[in-house]
Amino acid sequence: ILNPVQLNAFVKGTVTEVQDNYSATIEGRGVVLNGIIGFGRETSGMLQVVSDPTEIDSGLKDRVIAIRQPVDAGFLRKCAGAGIRGVVIPSIRNSEWVAFSEKEIGVALTGDETIPLTVIITEGFGMKDMNERYFDTLKKMDNRVISLRGRTQIRAGVTRPVVFLAD
């Protein structure tokens, strides 16, 4: 006897095909952005673009936020404390990442970290602003459904972290 397992689709769309006991095909419209590196599991919520780190508070609970400027460990801790599900950030210094995650990046595979939110880094480590094209896309999709997948694999079969923005 099979016991069905309910799974979230991860993307907004219409189910167009179901293969019993195997899969479902979902069609929808949206935008896909790839990050350089990501951390944490899959998550989704309403996108909120913020222009200043001081805007982070409990009013953003269950949201996914995006910010254009580099962040630090304090910003990520503030987001986690506010109940934010995920963040799309341009960059963070490696030392700040280690201060937040409490461990060095070791293996070339991420996505299973025990951190309180999913983090997608679009530009890499350091102190870089988000590229204009990505930030403009995120601004246009503000207050829409966004899904994040933090898994990154650097070796053979490269997997980049993904930002899905439903149209």
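**Charged pairs and the sheet**

Guide: Let us begin with D136, which counts as partly exposed at 25% relative accessibility, and please keep in mind that this is a predicted model.

Visitor: OK, which residue does D136 form a salt bridge with?

Guide: The partner is K139, and the closest N and O atoms of this salt bridge are 3.8 Å apart. K139 is likewise classed as partly exposed, its relative accessibility being 45%.

Visitor: And how are D136 and K139 separated in helix α3?

Guide: They are three residues apart in helix α3, so about one helical turn separates them.

Visitor: What does helix α3 lie across?

Guide: Helix α3, residues 132–140, lies across a series of strands, including β3, β5, β6 and β12, and runs at about 145° to β3.

Visitor: Now the sheet itself, what is the strand order?

Guide: It is an open sheet of eight strands with mixed pairing, and the order reads β3-β12-β10-β5-β6-β7-β9-β4. The edges are taken by β3 (30–34) and β4 (37–39), and because each has a single partner strand, one side of each is left without a neighbour in the sheet. On average, and with direction ignored, neighbouring strands of this sheet are turned by 30° against each other.

Visitor: How many bridges join β6 to β7, and are those strands parallel or antiparallel?

Guide: Three bridges join β6, residues 64–67, to β7, residues 86–92, and the two strands run parallel. Within this pairing, I65 stands opposite V87 in β7.

Visitor: Where does helix α1 lie?

Guide: Helix α1, residues 73–81, lies across β6, β7 and β9, and its direction is at about 180° to that of β7.

Visitor: Back to charges, how many salt bridges are there in the whole structure?

Guide: A search of the whole structure finds three, and K61, D62 and R85 are linked in a network of them.

Visitor: What are the distances in that network, then?

Guide: Between D62 and K61 the closest N and O atoms are 3.9 Å apart, while the side chains of R85 and D62 meet at 3.5 Å, N to O. The latter pair links distant parts of the chain, 23 residues apart, with R85 in the loop between α1 and β7 and D62 in the loop between β5 and β6.

Methods: Residues numbered from 1 in each chain as written. Predicted model: local features only at pLDDT ≥ 70, side-chain atom pairs only at ≥ 80, totals over all residues. Heavy atoms only, no water. Pairing = 2+ DSSP bridges. Helix = DSSP H or I, 4+ residues; strand = E, 2+ residues; numbered from the N terminus. Axes fitted to C-alpha atoms, helices over the stretch in contact; angles between N-to-C directions. Contact = heavy atoms within 4.5 Å. Salt bridge = Lys/Arg side-chain N within 4 Å of Asp/Glu carboxyl O. Buried < 20%, exposed > 50% of the residue type's maximum accessible area, 1.4 Å probe, protein only.
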